[in-house]
Amino acid sequence: MGGLARRATLFSHLRTQIDAQKLLIVAGTHEFSKGKLVCSQPQAEILSTLYQTLNYDFLTISAASSTFFEQLKVPLPKHYTLGKQATFQQYETKHGKIGFIFFPELDALQTPSTQMLNDIEQLCTAKRKTVDLLVGISSWGYKNEKQYLHTKSEQRLDLLLGTGSGIELEGRFMADGQILWCRAASLGKSILKIEISNLHNQQTQKKEIQTQFLDLDDSIKSDASIEELISKVLNTNMPETIH
């Protein structure tokens, strides 16, 4: 959890350097919890406050984690809960519309079903022309994401942001250059910064997309308020299933 304090410092820096209408900070499911979430109500309250302080524009959360917090009667920060069907969310920015397709959640060791793939295809078809940038959010892992990117499709995403098992990717063009595939770094050791200069161009490769991993190393000072929250979590004996 130590990287969260440095992450808060980096987020604060980005927010002072970039117009709020040009910046979206998002996190995948594995940012919040990589395994079964088990903690006490006080721990859950601290975790919720911690992620609220980080102030993501949205944080994807597994259905199990969402249900767990509901049972404890602890509100979650701004988030999107993954379900069994692909879903869509649109964000309006000063320079264009960005659509996010949330890939359905997989059970352990499961591969995407034909229905899941069809749901994604239908959303891509329905939303492709309504937004300037179409982004997929996946927790499927490297193998399943790669297989998806090799399937034939009439309508494509511009970006696929992946998490789960497998290697990190700063950016790799797939599907004959139609989709830029990025995957989060493991263990929270860095964040991925994506800059898009030409949002309105219909071709992904001409949107002028630049990607860069920003390392959360000793050169970044830890945020004191986040460190304090982490200390409270650790002092209440956080189970190993919380990451």
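A residue is called buried when its relative accessible area is under 20%, exposed when that area is over 50%, and partly exposed in between, with a 1.4 Å probe and the protein chains only. The structure is a predicted model, in which local features need pLDDT of at least 70 and side-chain atom pairs count only at pLDDT 80 or more, while totals for chains, interfaces and linings use all residues. Residues are numbered from 1 along each chain as its sequence is written, and side-chain values use heavy atoms, with hydrogens and water left out.

**Overall form**

- The protein has 7 helices and 11 strands, where helices (H or I, at least four residues) and strands (E, at least two) are DSSP runs numbered from the N terminus.
- For 243 residues, a compact globule would have a radius of gyration near 18 Å, and the protein agrees with this, since its own value is 18 Å; the radius is taken over C-alpha atoms, and the globule rule is 2.2 Å times the number of residues to the power 0.38.
- Along the principal axes, the C-alpha atoms fill a box of roughly 50 × 40 × 30 Å.
- Of the 243 residues in the protein, 44% are buried.
- Among contacts (heavy atoms within 4.5 Å) with a separation of 6 or more, 62% are between residues 24 or more positions apart.

**Surface and charge**

- The protein exposes about 12700 Å², of which carbon and sulfur atoms supply 48%; accessible areas come from the Shrake-Rupley method with a 1.4 Å probe, and for residues only the protein chains shown count as cover.
- The 26 positive and 26 negative charges have mean positions that are 3 Å apart; Lys and Arg count as positive and Asp and Glu as negative, while His and the chain ends are not counted, and each charge is placed at NZ of Lys, CZ of Arg, CG of Asp or CD of Glu.

**Aromatic pairs**

- Rings of Phe, Tyr and Trp (its six-membered ring) pair if their centres lie within 6.5 Å, and planes under 30 degrees apart count as stacked, over 60 as edge-to-face and the rest as tilted; by this rule there are 12 aromatic pairs.
- One of them joins Phe-11 and Tyr-56 edge-to-face, at 5.3 Å centre to centre and with 80 degrees between the planes.
- Because Phe-11 lies in helix α1 (residues 3-17) and Tyr-56 in the loop between α3 (41-54) and β2 (58-61), this pair ties together parts that are 45 residues apart in sequence.
- Tyr-56 is also buried, at 3% relative accessibility.
- Tyr-80 and Phe-102 form a stacked pair, because their ring centres are 4.2 Å apart and their planes are at 10 degrees.
- This pair links Tyr-80 in strand β3 (residues 79-81) with Phe-102 in strand β5 (residues 96-102), 22 residues apart, and Phe-102 is buried, with a relative accessible area of 1%.
- Ring pairs also link Phe-58, Tyr-80, Tyr-91, Phe-100 and Phe-102 into a cluster.

**Individual residues**

- Asn-55, in the loop between α3 and β2, has a positive phi of about 60 degrees although it is not a glycine, and Asn-55 is partly exposed at 32% relative accessible area.
- Asp-176, in the loop between β8 (169-174) and β9 (179-183), is likewise not a glycine and has a positive phi near 55 degrees, and Asp-176 is exposed at 80% relative accessible area.
- Ser-48 lies in helix α3 and is buried at 9% relative accessibility; leaving aside neighbours within four places in sequence, Ser-48 is in contact with Phe-69, Val-74, Pro-75, Leu-76 and Pro-77.
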